[in-house]
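Subject: The structure, and what turned up in it

Hi,

Here is the structure I said I would pass on. Have a look at it first, and then read on for my notes.

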Amino acid sequence: MSYYKPNFHHPKLPKNELGFTVTDYDGAVSTLCAGCGHDSISAAIRNACFLSSIPPHRIAKLSGIGCSSKTPTYFLGRSHGFNSVHGRMPSVATGASVANRDLIYLGISGDGDTASIGMGQFVHLIRRNVNMTYIVANNGC
């Protein structure tokens, strides 16, 4: 199965303060299950970044393993991204934020990745007060 995403958009699409259209905040075509809530999360993040006029290249997307951790592929295609091993995304986020404080860090993780194997990492991320947004997608696993 192949997916095609056109590179064109309507010339009258609204632009934000930076001159970007909402399509400039798109990522790859989603391969997640139809009706999956993770696509709604991706769409909400895309729209929030567009409305907030955040340049895509200023965002670093971090994730662990699992369906929720595939979602960073589907928004902000022109941003930085890193998939870590299961439950260890908070450690990678801590190191990345120390190395480059100019980026905006966005972590996306699942309930298993955060509350199961990654709980210790998550607690220390909070204790260190790392400047990032951490989204936990609960798919009931």
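Below are notes on a helix, the salt bridges and a lysine.

Please keep in mind as you read that this is a predicted model.

Let's begin with helix 1, which covers residues 37-51. Which of its residues are buried? They are His38, Ser42, Ile45, Cys49 and Phe50. Looking down the axis of helix 1, you will find these buried residues within an arc of 135°, so they line one face of the helix. What they pack against is strand 1, strand 3 (104-110) and strand 4 (132-137). After the helix comes Ser53, which has a positive phi, near 55°.

Next, the charged pairs. The count comes to two salt bridges.

One of them joins Asp24 and Arg78, at 4.0 Å from N to O. Asp24 sits in the segment before helix 1, while Arg78 is in the loop between strand 1 and strand 2 (80-83), so this pair ties together parts that are 54 residues apart in sequence. Asp24 is buried, at 15% relative accessible area, whereas Arg78 is exposed, at 54%.

The other salt bridge is between Arg46 and Asp26, whose closest N and O atoms are 2.7 Å apart. Here Arg46 belongs to helix 1 and Asp26 to the segment before helix 1, so the parts tied together are 20 residues apart in sequence. Arg46 is partly exposed, with a relative accessible area of 21%; the cut-off for buried is under 20%.

Lys61 is buried, yet it has no salt bridge. How far away is the nearest side chain of opposite charge? That side chain belongs to Asp26, and it is 11 Å away. What the Lys61 side chain does reach is the backbone oxygen of Pro72, at 2.5 Å. Setting aside neighbours within four places in sequence, Lys61 is in contact with Pro72, Phe75, Leu76, Ser79, His80, Gly81, Phe82 and Leu106.

Happy to talk any of this through when you have had a look.

Best wishes

Key
Residues are numbered from 1 along each chain as its sequence is written. This is a predicted model: local features need pLDDT of at least 70, side-chain atom pairs count only at pLDDT 80 or more; totals for chains, interfaces and linings use all residues. Side-chain values use heavy atoms; hydrogens and water are left out. Buried means under 20% relative accessible area, exposed over 50%, partly exposed in between (1.4 Å probe, protein chains only). Lys and Arg count as positive and Asp and Glu as negative; His and the chain ends are not counted. A polar contact is a pair of N or O atoms within 3.5 Å; within protein, one must be able to donate a hydrogen and the other to accept it, and residues adjacent in sequence count only if both atoms are side-chain atoms. Contact means heavy atoms within 4.5 Å. Helices (H or I, at least four residues) and strands (E, at least two) are DSSP runs, numbered from the N terminus. The expected span of a helix is 1.5 Å times one less than its number of residues. The arc is that of the directions from the helix axis to the C-beta atoms.
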